Amino acid sequence: MRIKLKYDLSSQNTFRMKVSCECFVEYENVKELEGLNFDKLPRPILHIGEGSNLLFTKDFPGTVLHSNIEFIKYVDVGFDEVPVMVGAGVNFDNFVEETCRHGLWGAENLSMIPGEVGAAVVQNIGAYGVEVKDIVSGVVCFDLKEKKRVKFTAQECHYGYRSSMFKEEANKGRYVVTSVLFRLSRVPAPKTGYKGIMEALGGNEPSNPMEVREAVMKLRRAKLPDPLEVGSAGSFFKNPVVSSEQFASISPDGSAPHYVLEDGRVKIPAAWMIESCGLKGEREGGAQVYEKQPLVIVNASGNASAEDILSLERKIIDTVKSRFGVELHPEVEHI
Ligand SMILES: Cc1cc2nc3c(=O)[nH]c(=O)nc-3n(C[C@H](O)[C@H](O)[C@H](O)COP(=O)(O)OP(=O)(O)OC[C@H]3O[C@@H](n4cnc5c(N)ncnc54)[C@H](O)[C@@H]3O)c2cc1C
C-alpha cells in the first residue's frame with residue numbers, strides 16, 4: 001500500500017490539470033482496502049482510475065483512492081460462454097487485447113478506450129455499437145458506508161447511456177468496485193454494423209475478434225486525440241435526446257444526423273451541433289475544441305487551466321442553446 005500526503009495528481013488525470021490532493025492512497029488488494037481506517041483519512045473521499053473522465057477544477061481537499069488490483073482469471077470449463085473475472089485496477093484496453101488474443105468475442109468494439117476496469121462498469125463505457133453492460137455479468141464492490149463486500153448482478157447496476165446505479169445521487173462514491181465478472185464467447189459474434197467498421201475491415205467479414213479490434217483502433221486513431229500526446233477527457237458532452245417535435249423544429253427536412261430511440265425520442269450527435277455552430281477549433285486560453293472531433297475539448301497548449309476549459313464549455317453550451325434550444329450536458333465529471 002502507498003500513502004502519500006499533498007500528492008501531485010498531474011499524471012493521474014488525462015486532461016493534465018496541475019492539481020494535488022491532501023492524501024493519496026493506492027492499495028494492492030481488497031484486504032488492504034478493507035483495513036483502511038477511513039475515519040482518519042481526510043474527507044471527502046474520491047476513488048479514481050486513470051482520471052480519463054475527470055476534470056479537476058481545483059486541488060482536491062480530501063483523499064484520493066486508487067486500486068492496484070490487477071488480475072485476469074478465466075473460469076473456462078469448456079462451454080461456448082467464457083466467464084472472466086478481472087481486477088478493477090486492470091487497464092481496460094489490456095483486458096480487451098488479451099481476450100481478443102484468446103479469440104474471445106464480446107469486448108473487441110470497446111478497444112482503445114482509456115481507463116480501468118472498475119471505472120468502465122461505473123461509466124457503462126461504450127463505442128461502435130457496444131456498451132460494457134453487454135458483457136458484464138456481475139460487479140463485486142466494497143461498500144464504504146456499511147464497510148462490507150457486496151455483489152451486484154448486471155441488472156442491479158441499472159445500466160443506461162453512460163450511467164449506472166453507481167452514479168445515482170444516493171450511491172455516488174459509496175461503492176468501490178474491486179472486480180468484475182465478464183461474460184465473453186467463443187462463438188463468433190462480430191458487431192460490424194456501426195458506421196465505418198466494415199470499410200476499416202476492407203469489406204471482409206472478420207474471422208476473429210482481433211481483426212475487429214484493429215479496425216476499431218484504426219478508426220479511433222483517425223479522429224480521437226492520443227492521451228499521451230494531448231490532454232483531454234474524450235467526449236466532453238453527452239449526445240442530447242429530444243422529443244420528435246423538437247427534432248422536427250431543429251431539422252425540418254430531417255437531414256440532420258439523428259438516431260430514433262425505442263420510445264420515439266431522438267438522439268442527436270452533440271458533435272454535429274457544435275460543428276454547425278462554427279465552434280470547431282474554437283479556443284479559450286489553452287483549451288480548444290478538437291479539430292478532428294468537435295465533441296472533444298483538448299488541453300491544446302499543455303498548460304490550459306480549468307478556467308480555460310470551463311469557459312470554453314460555457315461558450316459551447318450557450319451557443320448550442322441559443323441556436324438549437326437544446327442544453328448540452330457534460331459527460332466529463334467535474335471535481
Ligand atoms: C481520448 C479518450 C477517449 C475516450 N473514449 C471513450 C469512448 O469511446 N467511450 C466511453 O464510454 N468513454 C470514453 N472515454 C472516457 C473514459 O475513458 C471512460 O469514462 C473511462 O471509463 C474512465 O476510466 P478511468 O479509469 O480513467 O476513470 P476515472 O476518470 O478516474 O473515473 C471515472 C468515474 O469512475 C469512478 N471510479 C473509478 N474507479 C472506480 C472504482 N474502482 N470503483 C468505483 N468507482 C470508480 C470515479 O470516481 C469516477 O466517478 C475516453 C476518454 C479519453 C481521454
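At what angle do the axes of helix α2 and helix α5 cross? In this predicted model, the answer is roughly 140°. Helix α2 covers residues 92–101, and helix α5 covers residues 209–223. Their axes come within 8 Å. Two packed helices are described by the angle between their axes and by the distance between those axes.

The crossing of α2 and α5 is roughly 140°, so the two helices are oblique to each other. The crossing itself is left-handed.

Next, the residues at this crossing. From α2 come Asp-93, Val-96, Glu-97, Cys-100 and Arg-101. They meet Pro-209, Met-210 and Arg-213 of α5. By class, this contact holds four nonpolar and four charged residues, with no polar ones.

Now turn to a strand. Leu-65 lies in β5, which spans residues 60–67. Is Leu-65 buried or exposed? Its relative accessibility is 0%, so Leu-65 counts as buried. Beyond its neighbours within four places in sequence, Leu-65 is in contact with Val-25, Tyr-27, Leu-33, Leu-36 and Phe-38, and also with Ile-45, Leu-46, His-47 and Ile-48. Gly-49 is 16 residues from Leu-65 along the chain. The C-alpha atoms of this pair are separated by 8.7 Å.

Loops come next. Arg-174 sits in the loop between β11 (148–153) and β12 (175–185). Its relative accessibility is 19%. Buried means under 20%, so Arg-174 counts as buried. What does the side chain of Arg-174 make a polar contact with? The partner is the side chain of Tyr-175, at 3.5 Å. Other contacts reach further along the sequence. Leaving aside neighbours within four places, Arg-174 is in contact with Phe-142, Asp-143, Leu-144, Lys-145 and Glu-146.

Another loop holds Pro-330, between α8 (306–324) and β20 (333–334). Pro-330 has 30% relative accessibility and therefore counts as partly exposed. Which residues does Pro-330 contact, leaving aside its neighbours within four places in sequence? They are Phe-236, Phe-237, Lys-238 and Glu-313.

Note on methods: Residues numbered from 1 in each chain as written. Predicted model: local features only at pLDDT ≥ 70, side-chain atom pairs only at ≥ 80, totals over all residues. Heavy atoms only, no water. Axes fitted to C-alpha atoms, helices over the stretch in contact; angles between N-to-C directions. Helix = DSSP H or I, 4+ residues; strand = E, 2+ residues; numbered from the N terminus. Parallel < 35°, antiparallel > 145°, perpendicular 65-115°, else oblique. Left-handed = near helix turned anticlockwise from the far one by under 90°. Contact = heavy atoms within 4.5 Å. Nonpolar A, V, L, I, M, F, W, Y, C, P; charged D, E, K, R; others polar. Buried < 20%, exposed > 50% of the residue type's maximum accessible area, 1.4 Å probe, protein only. Polar contact = N/O pair within 3.5 Å; in protein donor to acceptor, adjacent residues only side chain to side chain.
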